[in-house]
Structure formats: structure tokens, C-alpha cells
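Please report on the strand pairing, the helices and the surface of this model. Keep it short.

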Amino acid sequence: MVNKLSKADKKIAYDAKLCQLLDDYSQILIVAADNVGSTQLQNIRQGLRGDSVVLMGKNTMMKRSVRIHSEKTGNKAFLNLIPLLQGNVGLIFTKGDLKEVSEEVAKYKVGAPARVGLVAPIDVVVPPGNTGLDPSQTSFFQVLNIPTKINKGTVEIITPVELIKKGEKVGSSEAALLAKLGIRPFSYGLVVLSAYDNGSVFSPEVLDLTEDDLVVKFAAGVSMIASLSLATSYPTLAAAPHMFINAYKNVLAVAVATAYSYPEAEKVKEFLEDPSKFAFAAAPVTAAASSGAPAAAKEEEKKEEPAEESDDDMGFGSQPLNTVIFGECYSFIVMSVKFDDQRGV
């Protein structure tokens, strides 16, 4: 005869197994196991076999084992698991990708009937159509205020009816009607509540984030840091470019308003005095083409086109492209400052 283990021996074996898993795995999924049967749980274990281990147990035993193991090893990160062990939960230890394991767990959901007293996890809507029930069954529909009609000797539901709302308890009439219609409205399986990775605990929604989502969130964070730095005049790497630009705007405004000058300011002053000097001279070319110089036009056509466009071809003269662009930016900044001065801002 095989001797059965006592309760004390079972607790010792369970504690040893949990501690060994904590040592071997650094990633854990905390899952809710409400309304999950033993057969369904066995199928999940088989589906995850290879790089994941599913461990169920009483919360008090798991908390005690985690706490004692943390004290023995000195690894305080394990203590982050204790607040998560609430309700009917289990642990999935894995060495694979957390997102892939979470998606694999979600595949093992099975349909379940609406039992009396069960809290509905979703809204239950009865679709319109022929129910296949004989007219003697209309009492169920009348109790639930479901509009019906008799069509070819069977009961037919006229319009879709929201039978049970999410969060409500299933009544006896609702359960009986759904059973007669053969509707299994609910599906149950292991639901990931939290994820543990090397001491860090986070929501399962984090697993669904893509690289684009991370870039957007990072850009938003940088923008907030730059705004805060500018508002408090505290220099940071994110705000440095804006601070330099703002400082140069102030220097340029002072140079325009006073006799102080430097080469870039001279260009801005010259532009403000006579903007027409910076207009692109395209009129002479048009006039020459229309005045009648066919020979010259033919000679121009015979000339080879340059391999690359230069700054002259783009209408910027002999000045480098970046100098002209910055000159135009400076002009816009100074005109904005002067306009503000005129308004008394």
C-alpha cells in the first residue's frame, strides 16, 4: 500500500516546490481562476508545458512561503507578490515572453451556462428569431417582458432583449430561459491580473504596448519635462534648445532696439529697413524670355544641366542655405517682438 502524505507533509512539499520555482523563474503571471474547472486547468497546463509552470494553492500558504523564502534569501523583491495574492488566484512561472504566455492562456476559455446567483461578467442579450419552443413556453417570456409572437406553431422573439446586465446576479427565470434556448452566454478561463518581472509589478495592459506607443509616451514625457523646466527656469537637456533660442531672441531684440550690433543682427536690421532688397529677382528672366532673343535662348538650352542643384538655383544667391533660413527666422522673430512692443505687451 502507498502511504498517503499527511497535511503537514503536503505543506512542506508545497513550500519546497514554490521556493524552488521562485529561484528558477524571474517572471510570474498572477491569474484569476474563478469558475475554472479541473479539466480546463489541466488543458492549460498541457498547453503551457515546456517553459511555463502553473501553480495553484491557498493564499495563506503562498504568502507564508513567499515571506519565509524572502527572509532566507534576502531577496526583498519577492515581497511584492504578497499584495497580489488576493481572491481565487494562481501563479504562472515562465521563462518565455510574457505577452505570448498571456495570449496562450487566453485561448483556453470555455463556454458556461448562466447559473442562478452567478454575477454576470458581461451583458447578456437574447437575439431575435425563432426559438423552436412550443406556445406553451410563452410564460417564461412573459415573466421577463420579452415581446414574442407565434409563428408556424413556435415562439419567435421579435426584437433583441438585454436580459442580464453586467454585474447583476442571474435570476432563476433568466437561467431557465437561457437553458431552454441553449445559450451559454459566459466564458471562463484564467485571467491575467498582474505581471511580475524581476521584482517589478505592472498591469497586463503594459504587455500590449507596441514600440510606437512607447515612442509616443516618451515624446510626451520629454515635452512635459521641457515645459516644466521652462516654467521654472531650471535647465535640463530637454529644455536646453528652447532656452538657447529664447536667449538669442532676447539678444537679437536688444540689438535691433539699440545701437549694439553684430553680423547676424546687421542682416536683420537691413531687412527691416528695406525688405525689398531681399526679394527674389525673377522679373528680368521673364522679360528676357519674352523680349525676343531666340539665339540666346537656344544657347541656354544647349548648356548642360548641373548634376546637383546649388543654392543659386533655389534662389538664395551666393549665401549658404542655412544662413538664409536662419536670417528669415530672425526676421520673423524681430518683427514679432516689434509688433508686441507696439501693442505694449
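Strands β1 (residues 27-32) and β11 (residues 191-197) run antiparallel and are joined by six bridges. Strands here are DSSP E runs of at least two residues, helices are H or I runs of at least four, and both are numbered from the N terminus. Two strands pair if DSSP finds at least two bridges between them. Val-31 faces Val-192 in β11.

This is a predicted model: local features need pLDDT of at least 70, side-chain atom pairs count only at pLDDT 80 or more, and totals for chains, interfaces and linings use all residues. Residues are numbered from 1 along each chain as its sequence is written, and side-chain values use heavy atoms, leaving out hydrogens and water.

The open sheet has five strands, in the order β2-β3-β1-β11-β12, with antiparallel pairing. Its edges are β2 (52-56) and β12 (200-202), each pairing on one side only.

Helix α7 has 22 residues and reaches 32 Å from first to last C-alpha, close to the 32 Å expected at 1.5 Å a residue. The expected span is 1.5 Å times one less than the number of residues. Just after α7, Ser-233 takes a positive phi of about 55°.

Gln-20 lies 49 residues from His-69 in sequence, and their C-alpha atoms are 9.6 Å apart.
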